[in-house]
Amino acid sequence: MGGLIKSSVAKKFAMALSGLFLVLFLAQHFTINLTSVIAPDVFNELSHFMGTNFLVQAILQPVLIFGVVFHFIMGFVLEIHNRKARAVNYVNYNGSANSSWMSRNMIYSGAVILAFLALHFYDFWVPELIHKYVQSHPEDPARYYTETVAKFESPVRTGLYVISFIFLMLHLLHGFASSFQSVGWNNKYSKGIQGFTKAYAIIIPLGFIFIALYHYINNL
């Protein structure tokens with residue numbers, strides 16, 4: 001039993017660290033995307049740098065992909081473990097009384113986010129690979145803004161992005177704060193951290209929604 005507990009704690013710790021890493025990437029990704037609204041030329045410059053810099057492409061990008069895959073695999077593993085634990089202790093377990101709706105449905109919000117990532121890779125990452133390595137086009141540092149805006153011409157695709165970011169908000173509202181608890185962050189700053197995580201979980205997804213709707217409306 002002791003080994004099982006340690007194993008579960010270790011899994012939660014690893015899950016939390018990967019989640020915090022992805023939160024940092026999300027902030028960076030949002031910052032770059034926001035420039036597509038306020039400064040298209042800056043967006044092109046930043047996108048070109050991210051798409052051509054060796055450090056980003058050869059090191060940071062593989063680390064990011066590993067972090068995404070690892071986080072979702074650990075999420076499903078922990079969900080299976082938790083379901084087994086609840087099945088054994090179902091007499092004393094009252095989900096609605098002991099936890100929030102968001103914490104009980106992290107697996108579902110995570111699944112929606114995973115589906116969104118598949119769409120996002122299809123929209124941006126795959127075309128980027130084809131552009132650079134299959135079609136062998138010459139470098140065009142000014143192409144990124146036009147290509148990005150074109151993705152939001154469809155109301156269906158824009159709607160899918162908006163829905164996905166709403167689920168991201170729900171996922172972050174529980175997951176971001178719980179990550180600090182899982183890594184043992186419990187001190188006088190905990191209350192402030194909780195406030196920050198809630199603000200982040202709301203502002204960043206709403207920011208992405210704003211960007212998507214802004215480009216969609218401008219395409220009308």
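Predicted model: local features only at pLDDT ≥ 70, side-chain atom pairs only at ≥ 80, totals over all residues.
**Ground rules.** I number residues from 1 along each chain as its sequence is written, and I leave hydrogens and water out, since side-chain values use heavy atoms. Local features need pLDDT of at least 70 and side-chain atom pairs count only at pLDDT 80 or more, while totals for chains, interfaces and linings use all residues.

**Overall make-up.** I looked up the elements of the protein chain and found nine helices and zero strands, where helices (H or I, at least four residues) and strands (E, at least two) are DSSP runs numbered from the N terminus. Of the 220 residues, 35% count as buried, that is, under 20% relative accessible area with a 1.4 Å probe.

**Helices 8 and 9.** I then turned to helix 8 (residues 155-182) and helix 9 (residues 190-219), whose axes come within 9 Å and cross at roughly 170°. That makes helix 8 roughly antiparallel to helix 9, a label for angles over 145 degrees. By class, their contact has 23 nonpolar, four polar and one charged residues.

**Surface patch.** I noted a nonpolar patch on the surface with about 840 Å² of accessible area together, its members including Ile65, Phe121, Trp125 and Val134; patch residues have over 30% relative accessible area and no salt bridge, and nonpolar side chains are joined within 5 Å. Helix 3 (54-88) and helix 6 (106-134) each supply at least two residues of this patch, and the largest share, six residues, comes from helix 6. Val134 has its place in helix 6, and I recorded Val134 as exposed (over 50%), with a relative accessible area of 62%.

Terms used: Axes fitted to C-alpha atoms, helices over the stretch in contact; angles between N-to-C directions. Parallel < 35°, antiparallel > 145°, perpendicular 65-115°, else oblique. Nonpolar A, V, L, I, M, F, W, Y, C, P; charged D, E, K, R; others polar. Patch = residues over 30% accessible without salt bridge, like charges linked within 9 Å, V, L, I, M, F, W, Y side chains within 5 Å. Areas by Shrake-Rupley, 256 points an atom, 1.4 Å probe, with all protein chains shown as cover. Salt bridge = Lys/Arg side-chain N within 4 Å of Asp/Glu carboxyl O.
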